[in-house]
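Welcome! Take a moment to look over the sequence and the 3D view before reading on.

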Amino acid sequence: DIDECSFDRTCDHLCINTPGSFQCLCNKGYTLYGLTHCGDVDECSINRGGCKFGCINTPGSYQCTCPAGCKLHWNKKDCIGSVPPRATLTCNKTGKKDSCALTCASKARFLPESDSSYTVSCGTPVLRQGGQQRPTNGSQQCLETVAAPIKQKASFKIKDAKCHLHPRAKGKQEEAGKGGVQGGSAPCSDCQVAFVNLKCDSSKKGKGRRARNSSNKEVTRITLEFEAEIKLEEITASCNLHCLRQRVEKKLKSAIKALKKSINQERFLLRFAGMEYEVARKLSVAPERQESCGPGQQRLGGKCVSCSQGTYYHGQTEQCVSCPAGTYQEKEGQLSCDLCPRGDAFGPVGATNITGCTGQCPPGQHSADGFKPCQPCPRGSYQPEVGRALCFPCGGGLTTRHEGALSFQDCDTKVQCSPGHYYNTSVHRCIRCAVGTYQPDFRQNYCIACPGNTTTDFDGSTSVSQCKNRQCGGELGEYTGYIESPNYPGNYPANVECTWNINPPPKRKILIVVPEIFLPSEDECGDVLVMRKNSSPSSITTYETCQTYERPIAFTARSRKLWINFKTSEANSARGFQIPYVTYDEDYEQLVEDIVRDGRLYASENHQEILKDKKLIKAFFDVLAHPQNYFKYTEKHKEMLPRSFIKLLRSKVSSFLRPYK
């Protein structure tokens, strides 16, 4: 068995060797074409990726988008109005002491950036829309539109302290609880704070100022960004949108003021999963013993390891704990878990993403948040996926025989479309898939776009194997390389013309090996490969063919440069060719020509196999291009070559090196 996977360029992504053959596989989000190549799947061409509003294709994936003022649902496909506030900011004053706490119920993210800086965010930022979208027709607005959020940014300095997120000492935890009871005012309790981002940074900046400061005085900067939402239903006759915005801005500003005071008095806390954390540590406080890892990490086998997905860091025990039922955590090294959309405490412990939350609507059903209780899709609509907030209409006034339909194939179309076609719901006819798309199934309402930068030769294609890459040609001139037909080893496309130029470095000649070439056998030479000195038809021709040859041939170019052209007709197609070439030092020209013109090189099956063996040809070409590389290939290569072949080469080489003997 030849291990094809050991060759260069066998598969684009993954190669699996099998007895007598091999198989190529592609990474997720890519699909196989031309037997060995992987192209990005355009998911947006498959029923708009299942997105409710818009779809943007990305390499290996895709993203759904929503109209301005709407947010993407947790299922990443539907659009919803506003998102419940995630962050609550509470402050209270006892005498002259201001203490504030930022509590994050869900969607908390902790990101340690270095020893002296980190970022904590809470909630989800209101998305600004961008990028090309494929919106649906009709009024695809959200349940309620959301006004642009109010954004505020504030920066504070703390002297003689270093950024260090750490659980608050136990004694202080109790005290905080008591203080909180005494009529605490919450300056922004009714601000709809959807998102907070806190960055703490004590890395030193600026050389001039550092010289003046003594080294132990560190300045820590805390930057806070807030996004507050405006509820449009709060607009009244006496207070319009402008007035409402001002009101929320005022509240945010007063909250930031109180925050500033509490940070200066070191009475600012962050609450995650019921634990209270302080943001920085005074330099006067002796650093804790070094054994404990930072927040979000636990000690395993003498190393600090981030808490894995599905777990969170428990401040008191300094251990990673599984997410309780009803919560999940997609990221590593976090301080709390996110709540499932339905706050019920069912579902597995240690869920790593939202799909681990129980009670999602099955295909054929829907609900406002994608969780139970669900309603079946009404007649005339269908839903193939789980956890969705809507059903897709059949369109064109078509109905389904029953409620809870799963796919467009359940819609009662007027005709049954065969593969290579899609059903057009406005004219109720089957339309052939356009060039560059295909459809392998019966009764579908879309065609799938070809992967990557491939296209089809004709319309009405039924398989991804009809998608072909048309790219070819180029300037070649290094020591070794390949000329290959477009889409090789898949069949090449129709009506394509490729031109390559091999322009070797000075004092070098070109040697070419054609291991095999597959062109359709026709009388009138439809597809032609030609190698000449230049594009002029009368220039010196080295090689020309329009037929299949399974026997290999090697030859030197009759000119210093080569112009290579491959032209295909619109009719047939075949596998084509992959032809390696090498440029070698002209001092060896006599020897190389002597070898390739000797009929014994092609006489036996054994010798023919050598010229088809990619690994051996690569080794030969490597030595021809750079003779000193001969020493890389030790005795083992002699075992790979039949003795008759070595005998042939040895006699040629010795007569070349010692012509007068």
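This report walks through some strands, some salt bridges and a pair of helices.

## About the model

This is a predicted model, in which local features need pLDDT of at least 70 and side-chain atom pairs count only at pLDDT 80 or more, while totals for chains, interfaces and linings use all residues. Residues are numbered from 1 along each chain as its sequence is written, and side-chain values use heavy atoms, leaving out hydrogens and water.

Helices (H or I, at least four residues) and strands (E, at least two) are DSSP runs, numbered from the N terminus.

Let us begin with strand 18, which spans residues 275-282 and has 7 of its 8 residues buried. Buried here means under 20% relative accessible area, exposed means over 50%, and partly exposed lies in between (1.4 Å probe, protein chains only).

Strand 18 runs antiparallel to strand 14 (residues 161-167), joined by 5 bridges; two strands count as paired if DSSP finds at least two bridges between them. Pro-167 sits opposite Tyr-277 of strand 18. Strand 17 (residues 268-272) is also antiparallel to strand 18, with 4 bridges, and here Arg-271 faces Glu-276. Strands 17 and 18 make a hairpin with 2 residues between them, and Ala-273 in the turn has a positive phi of about 45°.

Strand 35 pairs with strand 37 (residues 497-502) in the parallel sense over 3 bridges. Gly-474 has Trp-500 of strand 37 as its bridge partner.

## Salt bridges

How many salt bridges does the count come to? The count is 21, where a salt bridge is a side-chain nitrogen of Lys or Arg within 4 Å of a carboxyl oxygen of Asp or Glu. Lys-77, Asp-78, Glu-385 and Arg-388 are linked in a network of such bridges.

Another salt bridge joins Lys-509 and Glu-589, at 3.3 Å from N to O. Lys-509 belongs to strand 38 (residues 508-514) and Glu-589 to helix 4 (residues 589-596), so this pair ties together parts 80 residues apart in sequence. Lys-509 is partly exposed at 21% relative accessibility, and Glu-589 is partly exposed at 24%. Helix 4 also holds Asp-594, whose salt bridge with Lys-652 has its closest N and O atoms 3.4 Å apart. Because Lys-652 lies in helix 9 (residues 643-657), this pair ties together parts that are 58 residues apart in sequence. Asp-594 is partly exposed at 36%, whereas Lys-652 is buried at 8%.

Asp-598 and Arg-600 form a salt bridge too, at 3.0 Å from N to O. Asp-598 is buried at 12%, while Arg-600 is partly exposed at 47%.

## Two packed helices

Finally, helix 6 (residues 605-612) packs against helix 7 (residues 614-625) at an angle of about 75°, with the axes 5 Å apart. Axes are lines fitted to C-alpha atoms, for helices over the stretch in contact, and angles run from 0 to 180 degrees between N-to-C directions. The two helices are therefore roughly perpendicular (65 to 115 degrees; under 35 is roughly parallel, over 145 roughly antiparallel, and the rest oblique).

Contact, meaning heavy atoms within 4.5 Å, is made by Ile-610, Leu-611 and Lys-612 of helix 6 with Lys-614, Leu-616, Ile-617 and Phe-620 of helix 7.
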